[in-house]
Amino acid sequence: MAVEKREVTIDDRLIQVVFGQFDKNIRKIEKAFSISYVYRGEKLMLEGEAGLVSKAERVIRDLLVIAKNGNEITDQNVDYSISLVNEGSSDKASDLESDKDLICHTLAGRPIRPKTFGQKNYVEAIDQNMIIFGCGPAGTGKTYLAMAKAITAFKRGEVERIILTRPAIEAGEKLGFLPGDLQSKIDPYLRPLYDALYEIMGAETFQKNMEKGLIEVAPLAYMRGRTLDNAFIVLDEAQNTTESQMKMFLTRIGFGTKAIITGDQSQKDLAVGTRSGLDVALRVVRNIEGIAICNLTSKDVVRHPLVQKIVEAYEKYDNSKTKHKNSK
């Protein structure tokens with residue numbers, strides 16, 4: 001095994017940011033590439049197997065750019081930078097920290113921007129198209145980014161209202177057993193949308209706009225018979241729509257409207273034998289100009305790293321089942 005040494009200069013004022021609390025960032029890099037490190041007098045010395053040391057150096061220099069720009073280095077930054085280097089990609093995690101990719105800030109002042117290149121392509125597709133399908137596993141930010149874009153467009157006056165909807169797939173007997181009035185029965189299905197609205201817009205502002213009819217959060221069934229002009233519409237959990245529901249939704253869209261349809265095709269809750277409206281729509285409308293289809297993957301998961309590993313494990317399991325089924 002050929003041993004290689006590399007040197008990276010890091011200002012003492014940035015070392016804590018790059019290394020992370022209790023050196024967790026540099027230890028993660030050390031483990032990922034099986035290298036050793038020593039830091040003395042603003043010089044970080046890396047030693048390990050040839051090829052792996054250069055990869056570790058690339059990650060460290062990437063994190064250093066993030067630190068120099070005054071941004072916090074998160075676990076997601078480190079994990080994503082390591083994955084890009086391991087894939088041999090020329091992209092850098094630091095390229096995602098620029099102000100030009102900023103969508104908005106949460107009420108607490110936290111910036112919302114794409115955290116992966118898959119998310120960046122998704123956001124760009126939203127800017128350039130009238131109807132956007134965002135498909136991918138849990139944790140890829142497809143709904144949250146859609147909500148951020150909707151709220152930003154509303155605040156800028158680009159649309160007159162926001163409409164957020166989901167299929168309430170248990171709108172029959174099971175929903176009837178829930179206590180309270182109709183709104184109380186529906187709210188549990190729409191809670192993830194409310195949570196995003198509260199975080200980005202604030203509960204008070206949301207309630208005021210809701211009372212004025214400028215923001216509407218409703219089950220998909222309420223969309224029937226309406227034409228929606230000058231609105232930003234987000235249809236979440238679209239994998240649980242039926243064919244007729246999806247067709248109904250897509251034909252509601254009017255002038256000055258932008259619609260984002262999000263869904264995870266691996267998590268359908270439809271009755272056995274029922275075809276997903278999302279699956280059908282992706283085949284029917286994929287070649288229509290003005291419609292974009294963005295497929296996010298496990299690489300775009302921005303929740304806890306364990307979630308990414310779970311998603312990848314399920315993907316492998318599903319692929320093995322498909323191969324076994326096709327071999328019969």
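In this predicted model, a salt bridge (a side-chain nitrogen of Lys or Arg within 4 Å of a carboxyl oxygen of Asp or Glu) joins Lys120 to Asp101, with 3.7 Å between the closest N and O atoms. Lys120 belongs to helix H5 (residues 117-128) and Asp101 to the loop between helix H4 (75-87) and strand S4 (104-105), so the pair ties together parts that are 19 residues apart in sequence. Helices (H or I, at least four residues) and strands (E, at least two) are DSSP runs, numbered from the N terminus. Lys120 counts as buried because its relative accessibility is 14%, and Asp101 is buried with a relative accessible area of 11%; buried means under 20%, exposed over 50% and partly exposed in between, with a 1.4 Å probe and protein chains only.

Residues are numbered from 1 along each chain as its sequence is written. Because the model is predicted, local features need pLDDT of at least 70 and side-chain atom pairs count only at pLDDT 80 or more, while totals for chains, interfaces and linings use all residues; side-chain values use heavy atoms, leaving out hydrogens and water.

In general, side chains of opposite charge can pair when their charged atoms come close. The whole structure holds 19 salt bridges. One of them is formed by Arg166 and Asp236, at 2.8 Å from N to O. Here strand S7 (residues 161-166) supplies Arg166 and the loop between strand S9 (231-235) and helix H10 (243-250) supplies Asp236, so the pair ties together parts that are 70 residues apart in sequence. Both Arg166 and Asp236 are buried.

Glu216 and Arg226 also form a salt bridge, their closest N and O atoms being 2.8 Å apart. This pair links distant parts of the chain, with Glu216 in strand S8 (residues 215-219) and Arg226 in the loop between S8 and S9, 10 residues apart. Glu216 counts as partly exposed at 21% relative accessibility, and Arg226 counts as partly exposed at 22%. Elsewhere, a network of salt bridges links Glu4, Arg6, Glu57 and Arg61.

Leu306, Ile310, Tyr314 and Tyr317 make a nonpolar surface patch of about 440 Å². Patches are made of residues with over 30% relative accessible area and no salt bridge, like charges being joined within 9 Å and nonpolar side chains (Val, Leu, Ile, Met, Phe, Trp, Tyr) within 5 Å; accessible areas come from the Shrake-Rupley method with a 1.4 Å probe, and for residues only the protein chains shown count as cover. Leu306 sits in helix H12 (residues 305-327) and counts as partly exposed at 49% relative accessibility.
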